[in-house]
Amino acid sequence: MGEFVSVAKEQDLNEGKGLAVKVNKDLEMALFKIGDKIYAIEEHCAHQGGPLSEGTVQDFVVTCPWHQMTYDIRTGKAAPDAWDQEYSVKAFNVKVENGEIKVEV
Ligand code: FES
């Protein structure tokens with residue numbers, strides 16, 4: 001079990017729009033709010049590092065803005081229609097406490 005660290009406030013996050021946060025000097029995550037749940041995956045696309053927080057979100061799928069690789073926001077795995085099923089990014093556990101979004105690292 002890792003440690004949960006605060007990365008943002010719940011009010012900073014809008015449905016359907018990613019938010020990039022820096023967790024430490026080597027780790028950036030993209031946060032997404034879908035329904036009443038918050039998800040965190042690695043910010044940088046496994047293909048060439050595109051910013052996933054800037055991707056478009058549809059249901060639970062984010063599309064990388066650079067070359068349209070698609071990932072399931074819940075797992076970080078390639079979405080069923082992704083052009084490469086081998087690519088994936090890490091997904092992180094998230095909890096919200098008193099309006100603070102915390103991710104497990
Ligand atoms: S960098 Fe994301 S699809 Fe190429």
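**Rings and charges: group meeting talk**

Let's start with a charge. Arg 74 sits over the face of Phe 60, 4.0 Å from the ring centre. Over a ring means that NZ of Lys or CZ of Arg is within 6 Å of the ring centre and within 35 degrees of the ring normal. Lys 95 lies over the face of Phe 4, at 4.2 Å from the ring centre.

A word on the source. This is a predicted model, where local features need pLDDT of at least 70, side-chain atom pairs count only at pLDDT 80 or more, and totals for chains, interfaces and linings use all residues. Residues are numbered from 1 along each chain as its sequence is written, and side-chain values use heavy atoms, with hydrogens and water left out.

Now the aromatic pairs. How many does a search of the whole structure find? It finds 2. Rings of Phe, Tyr and Trp (its six-membered ring) pair if their centres lie within 6.5 Å; planes under 30 degrees apart are stacked, over 60 edge-to-face, the rest tilted.

Take Tyr 39 and Phe 60. Their centres are 5.9 Å apart and their planes stand at 85°, so the pair is edge-to-face. This pair links distant parts of the chain, 21 residues apart. Tyr 39 is in strand E4 (residues 37-42). Phe 60 is in the loop between strands E5 (56-58) and E6 (61-63). Strands are DSSP runs (E, at least two residues), numbered from the N terminus.

Buried or exposed? Buried means under 20% relative accessible area, exposed over 50%, partly exposed in between (1.4 Å probe, protein chains only). Tyr 39 is buried, at 13%. Phe 60 is partly exposed, at 26%.

Next, Trp 83 and Tyr 87. They are edge-to-face, 5.8 Å centre to centre, with 90° between the planes. Trp 83 is partly exposed at 45%. Tyr 87 is partly exposed at 22%.

Notes. Helices (H or I, at least four residues) and strands (E, at least two) are DSSP runs, numbered from the N terminus.
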